[in-house]
Amino acid sequence: MKNVIAALICAFIIAALVIGAAFSTRVYSLKDSAVTEEKKPLMYINDEPWYNEYLYPMENIFLVDYIPIFMFAKLDGVFIKINSAINDVMISYKNKYLTFKTDKSEMYDAEGGKYNIRTYLLYGGERYVPARVVCDYFGFVYEKSKNGEAVRIYDANVKLTFDEVLKIYNPSIAENVTETTAKNTEKETSEKITEGTTKAEDTKEISECNVYLSLYGSSSNNISEAIKLLNEYNVPAAFFLEQSEIIKNADTIREINVNGYNFGVLFNSGSIPENGNSSDKYKNVISNLTEINDYIYRLQKYKTRLTALTEDYYLRKSYGNDLFSLLTEEGYIVRGYDYYYNYAYRLSAETVTDRFYKLLSGKENVSVAIYLNSNGTDILKYLLEYIDKYPQLHIVEIDESSDDFI
């Protein structure tokens, strides 16, 4: 009996040693792969790698780069405040701030602007925010390597180009970076700070092009200002308002209709269910459209077939063609855009028109959306002034015979 017990104890000890050895090997392997296994840094702040990258890597979510919000705290003068009780995350710099309402996919700026911006809880429960949105608002620069693997955010405290930084810390990536990185950074900086003096259209010819204008409604005052501008230049556009804005602003709907402009319903990503089977996934979308059309009919004795999505690239990537096929089957037209002017800070006329010019290259049709926040009417004014100078640019009416999702 003693021999049996001794044998069992010996077997137990040997098994424990084997398991312990395997566990220690596994732990070492994990640590090695995370930190030491020839993995070079891909995220940088100013001229240095970000030390927490291996725990909180960048994520590209539906074509948008997201980074943890506390990464910005490494820049001088940036403060982060999180209030979980009211679902608020605030980032401030100097006299400006952005507040993210994490339960509503909304962002507010210091000037009173409101935007449909989504954040995510990712690794370690950390809040991730869209990198370029934050950088653009505060005047930081966000740049990527040519192959898209490495990123950097920086303020004024830099001495090296991104190419030079990568050659120090990640030479294999630096080999894939051409001079265009430095040139693009210089261009972005000039747009934000110096308002570059050379216009692209001075050196290149503008071809014939049809321009479609979609105006996403904000306050009734901004819509009224936009209507005055459209009337001044005698050009068409289509207005799109969210359901809550339509119900609150019956007079605005009448003003749009009286001035002869087309009108549609605007949806954000919160209107689309994330779960559910293919048969009932989008019932909420159709029921919302039916409800709002019934309201419009009581108000104006007509219904609209025009719809638009504030984050159409995100929605197209996330839900494929199912949503658009369903809307088309129900008789609705979904409008998209080639460029969306949705900015939480003021743009110069040169920046607005330069970005518009880049859309025109080789295209016969261009669709532009403008969010009518406090800066939106200025953007519309700059675009109308620019288009008016070139007879080969034609603003075309968006109506219910327009092609889907131009």
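Predicted model: local features only at pLDDT ≥ 70, side-chain atom pairs only at ≥ 80, totals over all residues.
A residue is called buried here when its relative accessible area is under 20%.

**Helix 9 and the cores**

In helix 9, the buried residues are Val285, Ile286, Asn288, Leu289, Ile292, Asn293, Tyr295, Ile296, Leu299 and Gln300. The length of this helix can be checked too: its 18 residues, at 1.5 Å each, should span 26 Å, and the end C-alpha atoms lie 25 Å apart, which agrees. Just past the helix, Lys301 adopts a positive phi of about 65°.

The largest nonpolar core has 55 residues, and Phe239 and Phe356 are the members that touch the most others. Helix 9 (residues 283–300) contributes the most to this core, giving seven residues. A separate core of 46 residues includes Ile45, Tyr56, Ala131 and Val151.

Leaving aside residues up to four places away in sequence, Phe239 has contacts that include Leu215, Ile223, Ile256, Tyr261 and Leu372.

Four of them make an open sheet with mixed pairing, in the order 2-1-13-12. Strands 2 and 12 are at the edges, each with a single partner strand, so one side of each has no neighbour in the sheet.

| Strand | Residues |
|---|---|
| Strand 2 | 48–49 |
| Strand 12 | 141–144 |
| Strand 1 | 43–45 |
| Strand 13 | 151–154 |

Strands 1 and 13 run parallel and are joined by three bridges, with Met43 opposite Val151 of strand 13. Helix 3 (residues 162–169) packs on the sheet and touches strands 1, 2, 12 and 13. The direction of helix 3 makes about 120° with that of strand 1.

Key:
Residues numbered from 1 in each chain as written. Heavy atoms only, no water. Core = buried A, V, L, I, M, F, W, Y, C linked by side-chain atoms within 4.5 Å. Buried < 20%, exposed > 50% of the residue type's maximum accessible area, 1.4 Å probe, protein only. Helix = DSSP H or I, 4+ residues; strand = E, 2+ residues; numbered from the N terminus. Contact = heavy atoms within 4.5 Å. Expected span 1.5 Å × (residues − 1). Pairing = 2+ DSSP bridges. Axes fitted to C-alpha atoms, helices over the stretch in contact; angles between N-to-C directions.
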